[in-house]
Amino acid sequence: MSLMLNEVFGEIGDVLSEEQKQRGVLIHAFQQIQEEHNYLPQEEIEKLSTEFNLPMSFIFSTATFYKQFYFTPRGKKIVRICTGTACHVRGATTVLNGLEDEFDIKEGETTEDLAMTLETVGCIGCCGLAPVATVNEDIVGEIDGKKMDLMVDAIKNDKSLTSDDDDE
Amino acid sequence: MAKLNSVTELKELKERLQAETFKPDTLRARVCCGTACTATGAHKLIDRFEKEAEATGTELEIVKTGCQGICQKGPVLKVEPMNIFYQRTKPKNVPWIMNYSMLGNMPFRQALYRDNIHSEPIAEMDEIPFYKKQKRLALRNNGVVDPCNIEHYLAVGGYGGLARALESMTPDDVLDEVDKANLRGRGGAGFPAGKKWRHVKSSINDVKFVMANGDEGDPGAFMDRSIMEGDPHSLLEGMALSAYAIGAEYGIIYVRHEYPLAVKHLQIAIKQAEELGLLGKNILGTGFNLVMSIREGAGAFVCGESTALIASVEGERGFPRPRPPRLSENEGGPWGYPANLNNIETYACVPVIVEDGADKFLSVGTKNSPGTKVFALTGKVKNTGLVEVPMGITLREIIYDIGGGILDDKEFKAVQTGGPSGGCLTKEHLDLSVDFDSLREVGSMMGSGGMVVMDEETCMVDVAKFFLSFTQSESCGKCPPCRIGTSAMLDILERITSGQGEHGDIEKLEELGENIIAGALCGLGNSAPNPVLTTIKYFREEYEEHIYDKYCRATACSGLGKFRIENPECILCGLCVDACAFGAIRETRKTFYIDQDYCEKCKACVSVCPTEAIKVEKHKRQEVNK
């Protein structure tokens with residue numbers, strides 16, 4: 001993990017103290033751990049504490065502040081409904097309610113079989129396609145009944161999202 | 001390509017690339033691969049083009065460009081040299097486009113842009129109403145170059161500003177030029193960039209930072225994303241010029257985590273610039289150094305605020321810090337070093353100012369707000385997307401000429417500018433010319449450029465509640481006015497929109513709002529009450545209707561209003577009876593009627609009625625607690 005300090009800071013590290021680097025690398029470290037484990041397991045955080053010589057309270061203080069980080073395991077597919085202004089005005093709530101009903105969970109929860117976690121997100125930046133949702137890396141825009149069905153199917157059958165191929 | 005060791009070598013390379021790239025006779029397709037077009041299948045389109053080109057033995061150059069702005073009509077592409085613009089293109093259109101346009105020099109009418117089904121299709125991009133009134137400065141290369149290819153940027157004149165600066169200008173010359181151009185920050189505050197740069201320059205420290213704020217947390221804003229994804233080198237060049245002017249050797253671009261494509265394209269751009277010797281140590285052999293790095297955010301809107309951004313970069317919770325010291329001073333920037341923090345769009349304008357001179361920049365826009373501004377036009381307009389217009393254009397022109405007017409030709413009600421920090425404007429403001437100061441004078445602000453258009457079916461109280469719930473959940477919690485104040489305001493709005501508003505609520509909201517603005521530590525708290533206060537100012541009757549009449553005129557808030565079937569209009573189809581989950585719709589021998597004791601006002605019946613016979617009305621005004 002100390003290789004990470006060099007990797008993250010590069011030459012900026014020349015003007016920083018060791019302590020500044022150890023603190024400054026935290027967000028990047030969390031993102032790496034979460035990418036691998038899908039959440040931040042307790043043991044990994046404890047390792048960070050030892051490795052970077054930081055009190056657990058400081059590490060938790062930072063990790064819990066940011067919405068990106070989770071402390072419980074999450075579903076295979078993370079579905080994020082955009083609730084930004086443009087999407088809100090074009091029916092984001094309907095999409096959210098539809099998915100809540102279909103999978104019998106509320107926003108922020110994960111299905112029991114860990115297939116899917118449902119969340120809302122501020123704005124994805126595709127406002128021209130409102131209402132928008134993402135299923136892992138796939139973006140689904142202009143969601144109507146048909147697209148909803150596609151999304152639900154992709155989640156239930158662990159498929160990747162392919163949009164309608166009217167290709168001959 | 002070999003590393004460049006002097007400005008002369010750079011100029012020679014640019015000249016060579018300009019002649020060799022984008023030759024006017026080459027058959028070319030510039031396909032938009034911005035996030036929105038990718039979501040609608042741009043890459044499938046490209047695959048199909050490659051397949052068809054190979055099958056027919058045609059030599060076709062495909063350029064994967066950045067966001068073109070007309071996101072509603074994606075995937076979009078331009079065919080050259082015929083200069084035909086296609087929209088809503090599907091893979092099955094590709095063989096036709098190839099035959100008609102590329103080999104036959106005729107437009108394929110099916111995929112051309114049309115205002116509506118009765119109008120003639122338009123083949124040239126600049127003739128399309130969406131683009132006609134735009135002036136693309138910050139977005140100059142979006143849609144033209146492949147962001148992952150530095151040669152393209154050089155071929156269209158990129159790094160010309162840096163060349164001029166390093167060859168014939170001193171750092172002070174660059175600073176003077178930017179100062180003269182009166183470039184005002186595009187992130188929301190509109191603070192003059194030249195002034196900020198001077199502050200940093202006057203701080204005494206060997207180590208200084210030049211930083212770019214790519215957090216873009218405003219919901220409904222995606223201007224900076226398009227620049228970072230579609231033309232990252234314009235950002236790098238702008239930052240390099242700033243660093244040169246103020247004497248900074250370290251650069252940090254803070255990008256929100258929700259923009260992975262932007263992070264990827266920036267990483268590629270930095271690497272390519274370093275390989276060529278345009279970033280790093282001893283740039284172009286002039287002794288100027290700039291080390292650039294990227295830091296990602298982690299999902300906190302407040303980290304778009306300058307001091308909170310610094311805290312985040314340092315690895316801490318994104319708490320704002322009191323100023324002084326300002327970022328430009330010692331102890332104010334990251335790890336105590338002075339830093340210049342500007343918005344992405346601001347930096348994107350800098351190369352043009354340095355290369356072409358301040359006077360050219362000043363010739364566009366208004367006296368106090370020169371240049372252009374990129375807006376994210378969204379909401380209930382026909383054409384949503386990214387538009388760049390000269391400052392001084394009116395709201396009416398943006399919404400009606402460029403935006404095409406209101407969706408489904410409904411009535412315009414209001415437009416929200418400036419995101420959750422801004423305010424709403426009404427019909428009476430449509431002829432206001434848009435610039436930093438004019439909007440502030442009427443209680444709103446231009447902000448970072450988000451512009452959400454609302455129609456008669458939008459409830460203004462609901463909109464205020466929406467924005468406030470966003471700012472309340474993003475409040476960092478450090479200062480009581482914001483932490484407690486926004487929660488208190490939100491509680492009141494929740495009550496109002498669910499039919500439990502009380503007399504005095506509006507006055508409470510106004511008082512709370514003013515106190516929060518006066519007491520909050522940072523810009524988030526300072527501006528969170530704006531949407532509420534402006535909607536109260538211009539739509540007070542709607543608030544009063546919610547509170548005293550328990551009625552929402554836009555029929556957006558559930559649980560309000562009195563539902564009644566207008567019998568002459570009812571065709572007795574019975575769909576409403578099926579839709580009602582509460583058994584509130586009863587029959588007599590000849591009519592259906594709604595039993596008020598059971599009606600939950602969920603609007604299910606309204607949405608299924610084919611003749612709009614179900615009316616939502618006010619209750620008789622009740623005596624409320626005084």
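What does the domain assignment of chain B give? It gives domain 1 (19-126), domain 2 (158-362), domain 3 (372-455), domain 4 (460-549) and domain 5 (562-617); the bounds come from an automatic or database domain assignment.

Some bookkeeping. This is a predicted model, in which local features need pLDDT of at least 70 and side-chain atom pairs count only at pLDDT 80 or more, while totals for chains, interfaces and linings use all residues. Residues are numbered from 1 along each chain as its sequence is written, with chains lettered from A and ligands numbered from 1 in the order in which they are written.

Staying with chain B, the C-alpha centres of its domain 1 and domain 3 are 30 Å apart. Five residues of domain 1 of chain B are in contact with five of domain 3 of chain B, contact meaning C-beta atoms, placed from the backbone, within 7 Å.

Chain A is divided into domain 1 (2-65) and domain 2 (77-156). Their C-alpha centres lie 31 Å apart.

Now the two chains together. On chain B, 46 residues are in contact with 39 residues of chain A. Elements giving two or more residues to that side of chain B include α2 (35-39), β8 (288-296) and α18 (460-474); helices (H or I, at least four residues) and strands (E, at least two) are DSSP runs, numbered from the N terminus.

Last, one helix. Helix α22 (residues 530-549) of chain B bends by about 95° at B:Phe539, the bend being the angle between axes fitted to the seven residues ending there and the seven starting there. After α22(B) comes B:Lys550, with a positive phi near 50°.

How values were computed:
Two residues are in contact if their C-beta atoms, placed from the backbone, lie within 7 Å.
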